[in-house]
Every structure is written in C-alpha cells, then in structure tokens.
4 protein chains.
Amino acid sequence: MVMTRSDATTEICTYDATRICVRGINLCEELIGKISITDYICLLVLGTQPNDAQRSIIEAAIVALAEHGMTPSVMAARLTYMGAPESLQGAVAAGLLGVGDQFVGTVELVAPILTEICCSPLGPKDAAANVVARHREAKTLVPGFGQPHHKPDDPRSPALFAVGRKVGVDGAYINALSVLGEEVDRAANRHLTINAPAAISALFLELGLPVRIMRGFVIIARCIGLVGHLAEEQVNPAGRALWEAGAHAVAFAGKPVP
Amino acid sequence: MVMTRSDATTEICTYDATRICVRGINLCEELIGKISITDYICLLVLGTQPNDAQRSIIEAAIVALAEHGMTPSVMAARLTYMGAPESLQGAVAAGLLGVGDQFVGTVELVAPILTEICCSPLGPKDAAANVVARHREAKTLVPGFGQPHHKPDDPRSPALFAVGRKVGVDGAYINALSVLGEEVDRAANRHLTINAPAAISALFLELGLPVRIMRGFVIIARCIGLVGHLAEEQVNPAGRALWEAGAHAVAFAGKPVP
Amino acid sequence: MVMTRSDATTEICTYDATRICVRGINLCEELIGKISITDYICLLVLGTQPNDAQRSIIEAAIVALAEHGMTPSVMAARLTYMGAPESLQGAVAAGLLGVGDQFVGTVELVAPILTEICCSPLGPKDAAANVVARHREAKTLVPGFGQPHHKPDDPRSPALFAVGRKVGVDGAYINALSVLGEEVDRAANRHLTINAPAAISALFLELGLPVRIMRGFVIIARCIGLVGHLAEEQVNPAGRALWEAGAHAVAFAGKPVP
Amino acid sequence: MVMTRSDATTEICTYDATRICVRGINLCEELIGKISITDYICLLVLGTQPNDAQRSIIEAAIVALAEHGMTPSVMAARLTYMGAPESLQGAVAAGLLGVGDQFVGTVELVAPILTEICCSPLGPKDAAANVVARHREAKTLVPGFGQPHHKPDDPRSPALFAVGRKVGVDGAYINALSVLGEEVDRAANRHLTINAPAAISALFLELGLPVRIMRGFVIIARCIGLVGHLAEEQVNPAGRALWEAGAHAVAFAGKPVP
C-alpha cells in the first residue's frame, strides 16, 4: 500500500532502539530520577520547563483541586469500580468525565471575562460593573463566584493568591478578579466568595497559559484524587452505600404499578 | 511515505462515492427503512441476519436488561451529566463503564459452567453438584444466583425462558442451569433465584453465541436505558440529590481536623 | 442518620420483590418478548411508545448512523480494546466519547437553524439566504452540508427522506432544509450535499423530538456499530495495524535527539 | 426520609465552612504551596507522605511512563478529541481506557511472579526456572519481557534501577527479576529485555506498595502524557491524519458490493 505523506507532525517525543527523547531531552539520562512531576507536567503540556512562578502556581493549583471529598466525580468513579473492578482505568475515566463545564469549567469561563476587564478602556471598575449588569440582564450567574460548602470564603483562593504573591505574581488579572468580586457583591447585596477555579483562572492568565488547556491541569489534579479514592475503595468500599443512599434519595413519581 | 500493506482486514462495511454496503447489503437501498434494529444488531455483531430464535431471544434479552431503575451505572451517568452537561456522550460512557464483571459479568461467567455441566460424562446432576462443591471449597459464590431486589425469584428469568420455549429453545444449557439451581439451593439450604444474566447466558449458549461477545449485547441494552435516564435528567435533574445523599451516606472516619 | 427528603424524582422505573414496571408497564408480563427494541427505545427515551411515524423514522435513523466503516470513533474503540481486552465496556465507551460536536453534532446544530427558517416572517427562501450570509460573514460553514466520502450526495439522506414520506412526514422543516441547501449551493457556487445528520435533524424536528436528546439516538446507533466492530476485533484484530499506520502517519518535527 | 446509617466511611478528606483537611492536614495552610505533586500523590494514594525511597522511585516511575510518543492510547485520545472538541476530559478518558492488561498490565502481572520467586524454598534460580517452564508448557509469554521498539534493552529499566540503587533500594525483588530475566533468555535462546513496567513492578514491591493499586500510578502518569498530546492537538492537529492512515491500513475483505 502506498500512502501519500500526511502533513501531520508532533514535537513531543521521538525514540529509536536505545533512546527516548521528550521535547529534545533524553528521557532516560536526563529526566528519569532528575525531574520533578511538576516540571515534567510543564515540559509535556507547555513545551518547556517552567520558570519559578509557573512551577509554584501550577503545583499549588493541582494540589488545591486534586481532592475535595465525596464529589460527584468521586462518586461516579466509586460506583463504576463497584460494577467493574476489573478495570481501574475505567473507574478513573468515569470520574474524569464529570470534570466539565459545570464545576471546574469556571477555570475556562472566568478567563475571557478577566481579559475583557483588563483590556477595557473603561477601567476595571466600570468594565466589571458592565460584566455584572450583562449577566443580570441575561439572568445568568457570573462564573467564578460562590461555593456551596465554604462560607464566607473558599479558603483555597487566598492560599492560592498567597502563593502567587510569593513568586511575584499579583498583576492585572488578579486585580480584575478582585474588582469583579466587589461588583458581584454589590449587585447581589451580599458576599459571594471568589472560588478556587476562579482564582486559578486569574493566576493562569498571569502566567500566560492558553485558556484552552487550563482544564487540562484540572484533569491531572482530579486524576490524582480519583486514584486516591479508588485505592480506598479497594480496601474500604463505599460503593454499595452510595448506591443505596442514591436509590432512596430519588422517589418514584411515575405511573403506579398496575 | 511508503507503507508496507498490513494484513489487517474488516468485513463489516465498505463504501464508495454513492453507496455504503454493510455485510454485503446496500445500506441505503435495502436496510434503511427496511430492517428492524434487532435484526441490524445481529447483522452487525453476528455477521448475519438472525433466525427466528435469535431474533426473539436477543430482543427479549436487550429489553430485559435495558432498564432497572436507579442502578449504580445510572447514578454514575447522572452525576457525570451534572458536572459536564456539554457532553451527553460522556455521561453515557461513564454509565457504561460500570457494566462489568460484578453485575452483568454473570452473563460471561455462567456460560463456562453450563458448558462444563453439559459436557461432563457424569451427567448434569453430578456435574452440577461438583460445581457447587468446588465453589463451596473455594468459599466463592456460584455466579448467576441471587438478586438483591427480587424474592423469591427474579421475575425476568421465567419471562426470558418463556420466550425461549415459544421459539423452540429449551435445550441442554437451560436444563443445566435448572439442575445447577437445584444443587445451589440444596447446598445453601434455601432458595436462590436464577437471575436474569444467568438466564440470558443459558439462552445465548443455546443460540450458539460466542461467550466473548455476550457482554456486547448487555452494553447495547444498558446504553438504551442510560439515554432514557439522561433524557429525564435534562428536564428533571436528580444529580444534586444523588450527590447530597451520597455525601451524607459515607461518614468521615479519618484523622480529626487539627 | 436522618436525611431530609430530596425533591428529586424519577418516572422511569419502579420495582418490588416480584415486579418491575417501566413507564407504568409490567416489564416481565408485557414487554419482554412483546416489544421491539425500537419501541422500547421510544418508551424509555421519549416516555411513550411511538406512533407509526416515530417508529419508522427513529428506526431508520439509527440504522443509517450505526455503521460507516473505519471512523475515528471505531478506531478509538479498537485501539482501546487492544490495550485493555479485559474491558469490552471500556472500548465501547472510548468509541462513544468521540460522538460529539464535530461530526454528529450536526444533528443538534442544524435544528435551531431550521427552526429559525420555519419561524421567520421573511419566508423560507429569504430566511435561508440570511442564514447563509451570516455564516459567510462569520467565515464559518453552515452545519449539515458536505460529506467527505460521498459525492455528489450522501446516499443516506434521500433514503431517510423517503422513509419520512412513506409515513407522511414531509413538512416545513424538511422543506426548510431543502431551501437552505439551495442557498448553500448558490453561495458556494457548487453543490454541497445535505448530509445524513442534517436529514435526521429535520426529520426529528418533524416528529417533535427535543433537540437536546437528538444526540442520544445517535449514541445508541453508534453503540451498536461499535459492538459490531469489537466483535470483529476479537477474532480478526486490526488494532496493531491501526497503531503502526498512525505512528507512521505523524512525522516527528521537534528538537532533534541530542 | 429516614435512612439507617450505612457503615461506609472515608478517611481521605473532610471539610467545614472555612477549612479543608486531607489526611488530617489542613489543605490551605499546610499543603497548597508547600507540598510537591509527588508527595501529594503519595499522601492521597498511600495515605502518608513518602519516605525518600518512595518519593524518588514513584516520581521516577511516573516520569518514565508518562510519555512514549504515538501510542494506541494517545491515538485514541486524539481521534476522540477530533470528534468531540467540546470535551477535553472525554478525550483524556478515552486515552486512559486503553491503560489496561495488555501493555501496562505487566506492572500487576509481574508482581506475583516475583513474590513467588522470592518466597520459594527452592532459591531464586530454580524458582525462576520453574516459572519459565510453566509458561513454556502453557505456551504463554512470561510477562514483563520484550519491548517492540527498544533493542537490545528498554533504556528505561536501567535508569529506573539506578534511581533505586541511589536511594538504597536494590533488594530481593529486583534480584528476582534479574534472575528471572536470565532464565527467560536461556529458555528463549536470545535476549529479551526487562521492560519498564516490569522494572517498576519490582521497585514498587521493594517499596511495599500493594499490587492492586500499582496501575493507579501508571494511570496518573499516562493522564499527564495525554494532556500533553491534547495540548498539541489543539494547535497542530493530527487527528485527521490518524483517521486516514488507519482507514487505509485496514483493507476491506468482506462480501463485494452487489
């Protein structure tokens, strides 16, 4: 079979009989045993090893999001493992499939708003007020605010901002998020916390990370947490309790049994 | 780029600019609008259109397994959809990932046991008694018996056997399952129902279906049920209730907060 | 543990020790062996058994989309099965995860455009011209037109429309799609086929199906096709050939090995 | 609704309005910005922070397995992303679903063999010879040997063993793997490399990691690599080239078009 060459290329990895090279670096001589997982994540996803700010913030963000107890994603993973213990990877995959627009999507949804506020000729305060007014009119929530379990504030956000300040990252995007928070509070007439995904969105913008791959770091974080929960499920299973609790929680309201 | 031809082949589908052929049949002229879904499943999975017995039993098996309320698989799908409503396919996939060894795996696990009983020179009764004794010694359950929600009997099993008898399928494998059930009951000193996956395993063996693909029919059945549940979740969501119930059901028993 | 009752409900299925009821119908007495898979799909997803038009069109649509050879979705499933043969469900899930916005998404994306054309006071021709002009300005393609393997026309679309006409379904949405096609061709100065997902979108609108669940029927269709391919992969594997061909097709263009 | 308390518990994470505690440690005060990803992986999966040997070896193992070019798992992820770009998590999940018994399963399959060799009263050499003889008789391959792309040796294995020696990990399991390799070579009458998953299996046994969760570390590693590939796919897509190459590689060998 003769095939015309495609134009598709990759720049990530090549290998021959005795060597594997990742981003131009010899895996076995210069990376295994010599690079941290954080730096390797950056090398693979961003294409280069991180500078100090990237290293600290990306590490802190992954630590902040890896674990938050019995989330819907964790429950899906544990319920799946109960039915298919032959496939640990299937249970992790089931958990990751819930890492979408609704909860962590904030990371992606907040970024364009912060960019709008930073670029506006109106200045941050008026630009933020416009954003809030626009959402109010459309009867939608401004993404990135509120957290069902933490009051008055999501404790992860100040911890993340502190990491940023420590490495000199405290710029216009973080200011924009802060100003936006004030306008959100004013319009709601109560305090709504800046949640962790919003804080991470601002910090990632400061680092210059592309919005389109921000969710990728969240997926890595959640993958770690899910493996932790499945390790516990192997020795102390909660799947059956989740099943029974769920089945009881949803009442049947359809046509009666004839 | 010149590639040597691989030896890999497919016999399922080919097409050109104006035609699509599936298993040698013109899709647009002879299948669309002319073949039932049951027959098309058989054409695709088994390679040929079904005979009457295959049609009736495969259809009945898929109907029997498609839906059984708030199963772990359904919960995983609904919890996933709550987090990622942008991906209906992700929620279905999460639900299917739980269709594994633990619950429906019975379809695959019962089949070799029934084959053993049918082939044994000891005759069904003694062969079944040996199977039960072997599991007793290994302190494992004989697969295919018992069902947590139905007593004394899984109502799907007799309904499935009735479909089989109607199309003349009532042979040695079904007899083997029945004899095995008697031996299971005798050893347990109480009645354990032949569950639906076990009944389907026996019926599929009668049809000559390969054991390795039996789970495939179950996956199709569950896919249909999952789409039904997600259609309901779109207009009457239960995801949050499942989350809250699950989070309450699993108590924290770790190191206290410092 | 005392839990307050949630408000979540389901109307799909309830059961007790001896009965299972789906949408108010006794599964074991009235459905197993008595209902076709097509009708059961409608009962589960739409909530009621189909009328003749729904039955014919939904069945034809599922048959039309179940199988189209070595699609990306099929390749993902076969490559996954090669790595994890312990989990047939994982391979099906991997294949379904590609059933998204890009290819079959047309089913969902065409529907609002057809609705716009049908509702416009300008009449279909001018409304369609406006749609085409708007996409031209935005430099995006009008969804639902073109198919890489079929020229001049996707043969599935006329076959699907013929099924519709046979059951009296040939209304305003189908007319709108036809008018839109003429405007697309005029603007492109060449013929672009109405593809199968677009035809199905129009037919599903005629049936009154909600746009949000249209993808669900596609997922069921693809699930059937994927099980067919995995049944073939079990006895005549292509996974390794797909791997080698893919690895050769993507040239390394990164930093040279040091 | 009154529910009886389930016995299910978790020891991973608890939180209140202002604090999140993971394994008894305050997430926001003591972990974010203060713990490395490697240590956090150990805290979550193993329950405690790692000792020096665990830290070095687990980090090296994850780095060794995260990336190896255009693997089947990467192809599945890229093909999925082409069809469903709305769901990055779906593409990662599709890739992870191939992390199963066939390739990385070696990590789990080698471990019991090494344990057998270490525990045998025959001594390592005779025990290893027995293992090889048993596989020869069963006409199966001894897991953990051979690698299609690297000759004479998988370069990752010596790099991993060197990391182990540096932290004083060079015990009975690694010796057992080395002795087993000699017996495998003797029986095959040629050299078969100890592959990276086998090396990792031996090192993980030395650390006392449970066999059942070894695959979890591989899943985390592959998740990182997959996000890297999808970040590249976003800006330099290879999906269509993979599709075309795959479609060409698998010849149609079925019934001719009528």
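Is Arg55(A) buried, exposed or partly exposed? At 28% relative accessibility, Arg55(A) counts as partly exposed; here buried means under 20% relative accessible area, exposed over 50%, and partly exposed in between (1.4 Å probe, protein chains only).

Before going on, a word on the ground rules. This is a predicted model, where local features need pLDDT of at least 70 and side-chain atom pairs count only at pLDDT 80 or more, while totals for chains, interfaces and linings use all residues. Residues are numbered from 1 along each chain as its sequence is written, chains are lettered from A and ligands numbered from 1 in the order in which they are written, and side-chain values use heavy atoms, with hydrogens and water left out.

**Chain A**

Chain A has 12 helices and 5 strands. Helices (H or I, at least four residues) and strands (E, at least two) are DSSP runs, numbered from the N terminus. Along its principal axes, the C-alpha trace of chain A spans about 65 × 65 × 45 Å. Of the 258 residues in chain A, 63% are buried. Take the contacts (heavy atoms within 4.5 Å) in chain A between residues at least 6 apart in sequence: 72% of them join residues at least 24 apart.

**Salt bridges**

Over all chains, the structure holds 48 salt bridges. The term stands for a side-chain nitrogen of Lys or Arg within 4 Å of a carboxyl oxygen of Asp or Glu. Here are some of them:

| Pair | N to O distance |
|---|---|
| Asp39(A) and Arg55(A) | 2.8 Å |
| Asp154(B) and Arg156(B) | 2.9 Å |
| Arg215(C) and Glu86(D) | 3.1 Å |
| Glu86(C) and Arg215(D) | 3.1 Å |

Back to Arg55(A): its salt-bridge partner is Asp39(A). Asp39(A) sits in helix H2 (residues 37-45) and Arg55(A) in helix H3 (residues 52-66) of chain A, 16 residues apart. Asp39(A) is buried, at a relative accessible area of 9%. In chain B, Asp154(B) and Arg156(B) are both buried.

**Where chains C and D meet**

Chain C and chain D each bring 39 residues to their contact. Together they bury about 3200 Å², with 73% of it on carbon and sulfur atoms; buried area is the accessible area (1.4 Å probe) that two parts lose on being put together, summed over both. Across this interface there are 2 salt bridges.

On the side of chain C that touches chain D, helix H4 (72-83), helix H5 (88-96) and helix H12 (239-249) each supply at least two residues. H12(C) gives the most, with 8 residues.

**Chains B and C compared**

Two copies of a chain are related by a rotation about an axis and a shift along it.
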